[in-house]
Amino acid sequence: MIENYIAIGILNILVLVMLSFMVQKNDILDVKKKKVYSVTIFATVAVILSEVGTSLFEALGPSFRIPNMTANVIGFSVSPIIPILLASVFSNKYSKIPPLLFLPSIANLILTVTSPKCGLIFTISPENVYSRGPAFIFYIVAYGWGIAVLFDTIIRTTKRYYSKSSFILTFLFLFLLIGTTIQVLIPKLHATWTCVTFAMVIYYAFICEFSDKHDILTMLFNRRAYESAKNHFEALERAAVILIDVDNFKQINDTYGHQYGDDCLGTIGIAIKSAFSDIGTGFRIGGDEFCILSDITDEELIKHALERLIGEINANRDKSPQFPTVSIGYKIYHKASGNSINQVFQEADKELYLQKRRNMTVQL
């Protein structure tokens, strides 16, 4: 049995080492995400080694009681932090992980570190036999809380703009939950960290796909995703094409700096997500150009969403008068008309620039 645990542990570690190598060579993930993911992988390897160590040290007898205690402390201390670290990998500047969410893990860490003397999370008898302590439930709560934070972060980050991921996300969540539940119910069956290893590989693939299709600044879909989505919308009987362009954006960058310009684009991206979350999908298709594609063509709903967007833009201008205005143009695509969605895009673009000229006239 111990030989099986050791073999499985080694295989899991080899997979994670390969995953770490792939993360470092990845050109899509930014440097900070790479660092956090590498720390997460290292922490997972440490927990797997500690779990293998607990089985091995216990089998070696009473003379290995101290190493057994040490391995248990490492495993129980680090485990609840791993899902939150994964959440940090996926979070963005609009969906950061509040430090307070680490409190259950910190409480578990304190209980675990004191367990060799107090026996709260676990106990190791003089005969070097492991057993769960009276406060073991705190470890379960802390680990479950970490999984919940991970799931919530992904849902909030991908809400509406990555609806196809719902099945993958649910599977990932259940995979971790089932693996943990099995080991809680049957302690001798070490299933948790094999499930975590597989989940991290799946998670990495998911992050790569997400990053490849999204604009990291605004968290809207990017131009590549837009070109792909056009085929889907062109197959519909009716669709709406809404274009948004930031007015005088070059002047904003030249006057207030590119960092402020980026902050403006990020804020506008959030406003687009908020205004159109119920009726359309947002894309950043150029430097300061955005598009919303929608299968809802009710002009009242579209105008209501546009009013919400303008309201949020104006609210930002009230706080910061230099915040830019936007120009908007939209047209409805009718498949029966014979026009392609690209032609409808050009019509919406003409309407946008008519408004842009009006805005520039007003500003002058």
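Author: Two strands pair if DSSP finds at least two bridges between them. Helices (H or I, at least four residues) and strands (E, at least two) are DSSP runs, numbered from the N terminus. This is a predicted model, in which local features need pLDDT of at least 70 and side-chain atom pairs count only at pLDDT 80 or more, while totals for chains, interfaces and linings use all residues. Residues are numbered from 1 along each chain as its sequence is written, and side-chain values use heavy atoms, with hydrogens and water left out.

Reader: How many helices and how many strands does the protein have?

Author: The strands include E3, residues 238–246, and E6, residues 326–334. One of the helices is H13, residues 299–319. In total, the protein has six strands, and its helices number 14.

Reader: Among contacts between residues at least 6 apart in sequence, what percentage join residues at least 24 apart?

Author: A contact means heavy atoms within 4.5 Å. For such contacts in the protein, the share that joins residues at least 24 apart is 72%.

Reader: What percentage of the residues in the protein are buried?

Author: Buried means under 20% relative accessible area, exposed over 50%, and partly exposed in between (1.4 Å probe, protein chains only). Strand E3 is mostly covered, with eight of its nine residues buried, and E6 has seven buried residues of nine. Across the 364 residues of the protein, the buried part is 47%.

Reader: Which strand is joined to E3 by nine bridges?

Author: E3 runs antiparallel to E5, to which six bridges join it; aspartate 245 there has glutamate 289 of E5 as its bridge partner. On the other pairing, leucine 243 stands opposite glycine 329 in E6, and isoleucine 242 has tyrosine 330 as its bridge partner. The strand that nine bridges join to E3, also in the antiparallel sense, is E6.

Reader: Through how many residues does the hairpin join E4 to E5?

Author: E4 and E5 are antiparallel and pair over four bridges, and glycine 282 has isoleucine 292 of E5 as its bridge partner. Both faces of E4 are covered, with Thr281 and Phe283 buried on one side and Gly282 and Arg284 buried on the other. The number of residues through which the hairpin joins E4 to E5 is four.

Reader: Is isoleucine 285 buried or exposed?

Author: Isoleucine 285 is found in the loop between strand E4 (281–284) and strand E5 (289–294). Leaving aside neighbours within four places in sequence, isoleucine 285 is in contact with Arg223, Tyr226, Leu243, Phe290, Cys291 and Phe345. Because its relative accessible area is 10%, isoleucine 285 is classed as buried.

Reader: How far apart in space are isoleucine 285 and glutamate 227, C-alpha to C-alpha?

Author: In sequence, isoleucine 285 and glutamate 227 are 58 residues apart. In space, their C-alpha to C-alpha distance is 9.1 Å.

Reader: Why does aspartate 298 count as partly exposed?

Author: Aspartate 298 is found in the loop between E5 and helix H13. Aspartate 298 and leucine 243 are 55 residues apart in sequence and 16 Å apart in space, C-alpha to C-alpha. Aspartate 298 counts as partly exposed because its relative accessible area is 39%.

Reader: What phi does asparagine 128 have?

Author: Asparagine 128 is found in the loop between strand E1 (122–124) and strand E2 (130–132). Asparagine 128 is buried, with a relative accessible area of 0%. Although asparagine 128 is not a glycine, its phi is positive, at about 70°.

Reader: Where is asparagine 248 found?

Author: Asparagine 248 is not a glycine, yet has a positive phi of about 50°. At 27% relative accessibility, asparagine 248 counts as partly exposed. Asparagine 248 is found in the loop between E3 and helix H11 (249–256).
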